[in-house]
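Please keep the sequence and the model in view while reading.

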Amino acid sequence: MTVRPSAARERLLAAAAQVFYAEGIHAVGVDRVIERAQVTRATFYRHFPGKDDLVRAYVEHADTAIRARLDAALAHTTDPYRLLDLLVDGIGEDICAPGFRGCPFINAAAEFPDPAHPVHQAVVGHRAWFRAALVDLLTTMAYADPQRGADTLVMLRDGAMVAGYLGTPEAARDNLRAAVGAFAPRP
(Lines give C-alpha, C1' and ligand atoms only; values in the text may rest on other atoms or scores of the structure.)
Protein backbone atom coordinates (compact mmCIF):
# COMPACT_ATOMS: atom_id res chain seq x y z
CA MET A 1 0.00 0.00 0.00
CA THR A 2 1.36 3.41 -0.96
CA VAL A 3 1.24 5.84 1.95
CA ARG A 4 -0.20 9.18 0.91
CA PRO A 5 0.82 11.91 3.31
CA SER A 6 -2.09 14.10 4.28
CA ALA A 7 -3.33 16.09 7.23
CA ALA A 8 -6.27 13.69 7.62
CA ARG A 9 -3.97 10.65 7.73
CA GLU A 10 -1.79 12.35 10.34
CA ARG A 11 -4.88 13.17 12.43
CA LEU A 12 -6.01 9.56 12.19
CA LEU A 13 -2.60 8.31 13.32
CA ALA A 14 -2.46 10.83 16.17
CA ALA A 15 -5.97 9.92 17.32
CA ALA A 16 -5.22 6.21 17.08
CA ALA A 17 -2.00 6.65 19.05
CA GLN A 18 -3.83 8.47 21.82
CA VAL A 19 -6.73 6.09 22.26
CA PHE A 20 -4.96 2.82 21.43
CA TYR A 21 -2.22 3.61 23.94
CA ALA A 22 -4.53 4.87 26.67
CA GLU A 23 -7.29 2.27 26.38
CA GLY A 24 -5.97 -0.70 24.43
CA ILE A 25 -6.17 -1.49 20.75
CA HIS A 26 -8.97 -4.04 20.82
CA ALA A 27 -11.02 -1.87 23.19
CA VAL A 28 -11.20 0.98 20.68
CA GLY A 29 -13.29 0.84 17.53
CA VAL A 30 -12.68 2.58 14.25
CA ASP A 31 -15.63 4.90 14.86
CA ARG A 32 -13.93 6.26 17.96
CA VAL A 33 -10.73 6.99 16.04
CA ILE A 34 -12.70 8.61 13.20
CA GLU A 35 -14.59 10.81 15.67
CA ARG A 36 -11.45 11.85 17.52
CA ALA A 37 -9.61 12.61 14.27
CA GLN A 38 -12.63 14.56 12.99
CA VAL A 39 -12.66 12.85 9.60
CA THR A 40 -15.32 10.98 7.69
CA ARG A 41 -15.57 7.22 7.43
CA ALA A 42 -14.74 7.55 3.71
CA THR A 43 -11.56 9.47 4.59
CA PHE A 44 -10.57 6.75 7.02
CA TYR A 45 -11.01 4.03 4.40
CA ARG A 46 -9.19 6.11 1.80
CA HIS A 47 -6.08 5.90 4.01
CA PHE A 48 -6.56 2.54 5.73
CA PRO A 49 -8.38 -0.49 4.27
CA GLY A 50 -9.25 -1.62 7.79
CA LYS A 51 -8.47 -1.30 11.48
CA ASP A 52 -5.53 -3.73 11.34
CA ASP A 53 -3.90 -1.49 8.73
CA LEU A 54 -4.34 1.49 11.04
CA VAL A 55 -2.89 -0.46 13.95
CA ARG A 56 0.12 -1.52 11.88
CA ALA A 57 0.61 2.12 10.80
CA TYR A 58 0.36 3.21 14.46
CA VAL A 59 3.11 0.75 15.44
CA GLU A 60 5.27 1.77 12.47
CA HIS A 61 4.74 5.45 13.31
CA ALA A 62 5.91 4.82 16.89
CA ASP A 63 8.93 2.97 15.49
CA THR A 64 9.78 5.90 13.21
CA ALA A 65 9.57 8.33 16.13
CA ILE A 66 11.97 6.23 18.22
CA ARG A 67 14.41 5.90 15.34
CA ALA A 68 14.34 9.69 14.96
CA ARG A 69 15.10 10.11 18.66
CA LEU A 70 18.11 7.82 18.32
CA ASP A 71 19.28 9.70 15.23
CA ALA A 72 18.99 12.98 17.17
CA ALA A 73 21.07 11.50 20.00
CA LEU A 74 23.67 10.30 17.48
CA ALA A 75 23.84 13.82 16.06
CA HIS A 76 24.40 15.13 19.58
CA THR A 77 27.37 12.92 20.53
CA THR A 78 29.79 10.34 19.20
CA ASP A 79 30.75 9.14 22.69
CA PRO A 80 29.12 5.70 23.02
CA TYR A 81 28.87 5.96 26.81
CA ARG A 82 27.13 9.33 26.53
CA LEU A 83 24.85 7.85 23.89
CA LEU A 84 23.93 5.01 26.25
CA ASP A 85 23.22 7.60 28.96
CA LEU A 86 20.97 9.53 26.56
CA LEU A 87 19.16 6.32 25.64
CA VAL A 88 18.55 5.43 29.28
CA ASP A 89 17.50 9.00 30.08
CA GLY A 90 15.01 8.93 27.20
CA ILE A 91 13.50 5.67 28.43
CA GLY A 92 13.34 7.13 31.94
CA GLU A 93 11.56 10.23 30.66
CA ASP A 94 9.02 8.04 28.86
CA ILE A 95 8.41 5.97 32.00
CA CYS A 96 7.85 9.08 34.13
CA ALA A 97 5.67 10.91 31.60
CA PRO A 98 2.04 11.60 32.51
CA GLY A 99 -0.29 8.94 31.14
CA PHE A 100 2.47 6.33 30.82
CA ARG A 101 0.87 2.94 30.20
CA GLY A 102 3.86 0.75 29.43
CA CYS A 103 5.59 0.04 26.17
CA PRO A 104 3.34 0.53 23.14
CA PHE A 105 5.16 -2.30 21.34
CA ILE A 106 4.78 -4.80 24.17
CA ASN A 107 1.13 -3.74 24.51
CA ALA A 108 0.51 -4.25 20.79
CA ALA A 109 2.28 -7.62 20.80
CA ALA A 110 0.09 -8.74 23.71
CA GLU A 111 -3.04 -7.86 21.74
CA PHE A 112 -1.77 -9.45 18.52
CA PRO A 113 -0.04 -12.67 19.65
CA ASP A 114 -0.11 -14.41 16.25
CA PRO A 115 3.49 -14.22 14.96
CA ALA A 116 2.21 -14.09 11.36
CA HIS A 117 -0.06 -11.08 11.95
CA PRO A 118 1.22 -7.85 10.33
CA VAL A 119 0.92 -5.91 13.61
CA HIS A 120 2.97 -8.53 15.46
CA GLN A 121 5.50 -8.45 12.60
CA ALA A 122 5.78 -4.66 12.90
CA VAL A 123 6.55 -5.04 16.61
CA VAL A 124 9.14 -7.73 15.89
CA GLY A 125 10.69 -5.48 13.24
CA HIS A 126 11.00 -2.62 15.72
CA ARG A 127 12.58 -4.85 18.34
CA ALA A 128 15.05 -6.28 15.81
CA TRP A 129 16.08 -2.77 14.79
CA PHE A 130 16.43 -1.68 18.43
CA ARG A 131 18.51 -4.74 19.30
CA ALA A 132 20.76 -4.19 16.26
CA ALA A 133 21.27 -0.55 17.28
CA LEU A 134 22.32 -1.75 20.73
CA VAL A 135 24.70 -4.32 19.23
CA ASP A 136 26.31 -1.51 17.20
CA LEU A 137 26.58 0.70 20.27
CA LEU A 138 28.10 -2.06 22.41
CA THR A 139 30.51 -2.99 19.62
CA THR A 140 31.67 0.65 19.54
CA MET A 141 32.16 0.44 23.31
CA ALA A 142 34.28 -2.72 22.81
CA TYR A 143 31.84 -4.62 25.01
CA ALA A 144 32.98 -8.25 25.39
CA ASP A 145 29.81 -9.85 23.96
CA PRO A 146 27.70 -7.24 22.14
CA GLN A 147 25.01 -9.75 21.07
CA ARG A 148 24.36 -10.96 24.59
CA GLY A 149 24.76 -7.46 25.95
CA ALA A 150 22.09 -6.17 23.57
CA ASP A 151 19.74 -8.92 24.72
CA THR A 152 20.39 -7.89 28.31
CA LEU A 153 19.74 -4.21 27.59
CA VAL A 154 16.48 -5.01 25.79
CA MET A 155 15.42 -7.09 28.76
CA LEU A 156 16.32 -4.28 31.18
CA ARG A 157 14.32 -1.81 29.09
CA ASP A 158 11.32 -4.14 28.91
CA GLY A 159 11.44 -4.72 32.66
CA ALA A 160 11.72 -1.01 33.39
CA MET A 161 8.73 -0.30 31.16
CA VAL A 162 6.57 -2.84 32.98
CA ALA A 163 7.86 -1.73 36.40
CA GLY A 164 7.17 1.90 35.52
CA TYR A 165 3.59 1.11 34.60
CA LEU A 166 2.76 -1.29 37.42
CA GLY A 167 4.92 0.30 40.12
CA THR A 168 6.55 3.60 40.86
CA PRO A 169 7.81 5.24 37.66
CA GLU A 170 10.64 7.13 39.35
CA ALA A 171 11.91 3.94 41.01
CA ALA A 172 11.78 2.09 37.67
CA ARG A 173 13.74 4.91 36.01
CA ASP A 174 16.34 4.99 38.78
CA ASN A 175 16.67 1.20 38.86
CA LEU A 176 17.17 1.14 35.09
CA ARG A 177 19.92 3.74 35.36
CA ALA A 178 21.63 1.78 38.12
CA ALA A 179 21.36 -1.54 36.28
CA VAL A 180 22.72 -0.13 33.03
CA GLY A 181 25.48 1.67 34.93
CA ALA A 182 26.56 -1.62 36.54
CA PHE A 183 26.17 -3.45 33.21
CA ALA A 184 28.35 -1.02 31.24
CA PRO A 185 30.58 0.91 33.64
CA ARG A 186 32.66 3.67 32.16
CA PRO A 187 36.30 2.78 31.52
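His117 is in contact with Asp52 and Phe112, leaving aside its neighbours within four places in sequence; contact means heavy atoms within 4.5 Å. The residue lies in the loop between helix 6 (104-111) and helix 7 (118-140). Helices here are DSSP runs (H or I, at least four residues), numbered from the N terminus. His117 counts as buried because its relative accessible area is 16%. Buried means under 20% relative accessible area, exposed means over 50%, and partly exposed lies in between (1.4 Å probe, protein chains only).

The model is predicted: local features need pLDDT of at least 70, side-chain atom pairs count only at pLDDT 80 or more, and totals for chains, interfaces and linings use all residues. Residues are numbered from 1 along each chain as its sequence is written, and side-chain values use heavy atoms, with hydrogens and water left out.

Gly24 lies in the loop between helix 1 (7-23) and helix 2 (30-37). Is Gly24 buried or exposed? Gly24 is buried, since its relative accessible area is 4%. Not counting residues up to four places away in sequence, Gly24 touches Val19, Arg101 and Glu111. Gly24 and Ala108 are 84 residues apart in sequence, while their C-alpha atoms are 8.2 Å apart in space.

**Packing of two helices**

Two packed helices are described by the angle between their axes and the distance between the axes. Helix 1 packs with helix 4 (residues 51-76) at an angle of about 85°, and their axes are 10 Å apart. Helix 1 is therefore roughly perpendicular to helix 4. On the side of helix 1, the contact is made by Arg9, Glu10, Leu12, Leu13, Ala16, Ala17, Phe20 and Tyr21. Helix 4 contributes Lys51, Leu54, Val55, Ala57, Tyr58 and His61. The axes are lines fitted to C-alpha atoms over the stretch in contact, and angles run from 0 to 180 degrees between N-to-C directions. Angles of 65 to 115 degrees count as roughly perpendicular, those under 35 as roughly parallel, those over 145 as roughly antiparallel and the rest as oblique.

**Salt bridges**

How many salt bridges are counted? The count comes to 13 salt bridges, each being a side-chain nitrogen of Lys or Arg within 4 Å of a carboxyl oxygen of Asp or Glu. The table lists some of them.

| Residue pair | N to O distance |
|---|---|
| Arg56 and Glu60 | 3.5 Å |
| Asp63 and Arg67 | 2.8 Å |
| Asp158 and Arg157 | 3.0 Å |

Arg56 and Glu60 both lie in helix 4, 4 residues apart, which is about one turn of the helix. Arg56 has 22% relative accessibility and counts as partly exposed; Glu60, at 38%, also counts as partly exposed. Asp63 and Arg67 are separated by about one helical turn because they are 4 residues apart in helix 4. Asp63 counts as buried at 12% relative accessibility, whereas Arg67 counts as partly exposed at 30%. Asp158 and Arg157 are both buried. Salt bridges also link Asp89, Arg173, Asp174 and Arg177 in a network.

**A nonpolar patch**

Val162, Tyr165 and Leu166 make a nonpolar surface patch of about 320 Å². Leu166 is in helix 8 (residues 146-166) and counts as exposed because its relative accessibility is 68%. Residues in patches have over 30% relative accessible area and no salt bridge; nonpolar side chains (Val, Leu, Ile, Met, Phe, Trp, Tyr) are joined within 5 Å, and like charges within 9 Å. Accessible areas come from the Shrake-Rupley method with a 1.4 Å probe, and for residues only the protein chains shown count as cover.

Conventions: Helix = DSSP H or I, 4+ residues; strand = E, 2+ residues; numbered from the N terminus.
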